[in-house]
Amino acid sequence: MKTINLQGVCAGYGLGLFACLLVSSWGLPYAQRLGPSANVSEEYLKSAADQERAVLGLPPLRFDAALSAAARRHATLMVQHNSISHQYGGEPDLANRASEAGARFSLITENVAQAPSAILVHTAWMHSEGHKHNLLDPKVDSVGISVISRNGQMFAVEDFARTVAALSLQQQESAVAGAVRASGMSVDNSGEDARQACAGSSTTEMSPLPEFVMRYTTDDLETLPAELTTRLHSGRYSRAVVAACAMEGKPEFSMYRVAVLLYRGGRSGE
């Protein structure tokens, strides 16, 4: 089999990580230039990604309708421009367009490609460092895929993300409280003063005064910060209050905002 030539490779790392490539069909047998329908192609790319991840012991990616909607809109633009890019003039960037489509995430990455078939798209992605990194990233848990065919070419978009569930403040507090109780600590019900402390208000007027307050943001409510875990196991505290509060503004990246207040003895208000 002849080598597949890659042209126009680009990649970046960090939040909003992306990679793109164009697969040249020159020199490939005619049969390899034919691809299945877009719907079948999307199913193939999802299955291929899950199989690659399984080799590393990673769970399959969850299908996310909002990510797929964002991927579809971008794939449509690639078809209209007959080119590949992560952003065209007047188009929101990756994070914004995914957020506008209704996705909630703390990390988002993207692969785009143009190729004669979905098989060639996946093969080329797996032979490109940036694309392979996105596809096998253990930090992401969801994917949205769109493949649109035009004139014998497939324009493919894979949007990967670490999604953040839309939970009420009570649900957030319950999840964190469960993690705190697992350490052997008693957890009192949260109150309005605790939620105000979570939002940044001073705790000096609280009665009783907490001995220690940790405020933090997270996308994983069941994993506590290392310093907080150390405090919980120190034996210095007898009970905790967990409070959640809304993130200010409407950031592209979604996170939970939490405060854990630790007390030496007695219950709130005693």
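Asp 188 has its bridge partner, Val 241, in strand 9. This is a predicted model, by the way. Strand 7 and strand 9, residues 239-245, pair in the parallel sense, over 3 bridges.

Four strands, open, in the order 7-9-10-8, with mixed pairing. The edges are strand 7, residues 186-188, and strand 8, residues 212-218; each pairs on one side only. Neighbouring strands are turned by 30° against each other on average, ignoring direction. Helix 6, residues 169-181, packs on this sheet. That helix touches strands 7, 8, 9 and 10, and its direction makes about 150° with that of strand 9.

How many does the structure hold? There are 9.

Take Arg 195 and Glu 173. Their side chains meet at 2.8 Å, N to O. Arg 195 sits in helix 7, residues 192-198, and Glu 173 in helix 6, so the pair ties together parts 22 residues apart in sequence. Are these two buried or exposed? Both are buried.

Next, Asp 141 and Arg 62, at 3.4 Å, N to O. This pair links distant parts of the chain, 79 residues apart. Asp 141 is in the loop between helix 5 and strand 5; Arg 62 is in strand 3. Asp 141 is buried, at 19% relative accessible area. Arg 62 is partly exposed, at 46%.

Last, Lys 46 and Asp 50, with closest N and O atoms 2.5 Å apart. Both lie in helix 1, 4 residues apart, about one turn of the helix. Lys 46 counts as partly exposed at 22% relative accessibility. Asp 50, at 15%, counts as buried.

Methods. Residues numbered from 1 in each chain as written. Predicted model: local features only at pLDDT ≥ 70, side-chain atom pairs only at ≥ 80, totals over all residues. Heavy atoms only, no water. Pairing = 2+ DSSP bridges. Helix = DSSP H or I, 4+ residues; strand = E, 2+ residues; numbered from the N terminus. Axes fitted to C-alpha atoms, helices over the stretch in contact; angles between N-to-C directions. Contact = heavy atoms within 4.5 Å. Salt bridge = Lys/Arg side-chain N within 4 Å of Asp/Glu carboxyl O. Buried < 20%, exposed > 50% of the residue type's maximum accessible area, 1.4 Å probe, protein only.
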